[in-house]
Amino acid sequence: MATQTNAIPFRQATRIQQSLSAGYEKRLLIWMAQRTPAAINSDHLTALGFAAQLLTGAAYALSAYNRAWLIAAIAFLALNWLGDSLDGTLARVRQQQRPRYGFYVDHILDSIGSVALMAGLALSGYMSWPIAIAILVLFLLLSIQSYLATYTLGEFRMSFWNFGPTELRLLLVAGNLALFRWQTVMHGHYKLFDFGGAIGAIAMAAMFLFHTAQNIVRLYNEERLK
């Protein structure tokens, strides 16, 4: 007897990935997926990425007491990249895609993990709470914009202005290493992570406003009243 399902018909959105590292990263991830042991599946990698993001936040918080935790945070960021980036590639390579489940789980966990990450940065003392909250709010706004565009336009944007999650992780790694030499900039007036975070927040706000306006104009023209 055939198994009945109540699954809602799903239209796969076009993935838009134009980050600086996208081409190299895609080839590397496919190579890794083809060599991943059969006992490891996409759910295992998703769980690894989520746990690693939580641990990154914890490492940042603990770095307030010992800067060696900044190195641990780099290791956890690498594990986060592995789990978060390889899970979808593995599903596609093995032809085991669950588009609705994967989309929902990946992005709800990313949102929770981002809260943990920014909270850890604020607790570390290397970034002030206002800057951390501003970055978190803007990240969530960009995410909401992307999810709404996925639904209304059928396009899932994974990067903005050639900048994606991998580039963000690389900036955090560079910042962690820089903290061992410089904790402040501009003659000691600003914390290093506050200065970089403020620049990042301004860029994220510009990305959000630009793409929101662009999508509104596009949707207005596509559904113009007669």
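**Close-up views of a predicted model**

View 1. Helix 1 (residues 22-34) has 13 residues, which at 1.5 Å a residue should span 18 Å, and its end C-alpha atoms lie 18 Å apart, in agreement; the expected span is 1.5 Å times one less than the number of residues. Helices are DSSP runs (H or I, at least four residues) numbered from the N terminus. The model is predicted, so that local features need pLDDT of at least 70 and side-chain atom pairs count only at pLDDT 80 or more, while totals for chains, interfaces and linings use all residues. Residues are numbered from 1 along each chain as its sequence is written, and side-chain values use heavy atoms, with hydrogens and water left out. A22, E25, L29, M32 and A33 are the buried residues of helix 1 (under 20% relative accessible area, with a 1.4 Å probe and protein chains only). They cover an arc of only 95 degrees around the axis, which puts them on the same side of helix 1; the arc is that of the directions from the helix axis to the C-beta atoms. The face turned away from this buried side carries Y24, R27 and Q34, which are exposed (over 50%).

**View 2. The contact of helix 3 with helix 6.** The axes of helix 3 (residues 69-93) and helix 6 (residues 165-178) come within 9 Å and cross at roughly 170 degrees, the axes being lines fitted to C-alpha atoms over the stretch in contact, with angles from 0 to 180 degrees between N-to-C directions. The two helices are therefore roughly antiparallel (over 145 degrees).

**View 3. D106 in helix 4.** D106 lies in helix 4 (residues 99-124) and, at 18% relative accessibility, counts as buried.

Notes: Parallel < 35°, antiparallel > 145°, perpendicular 65-115°, else oblique.
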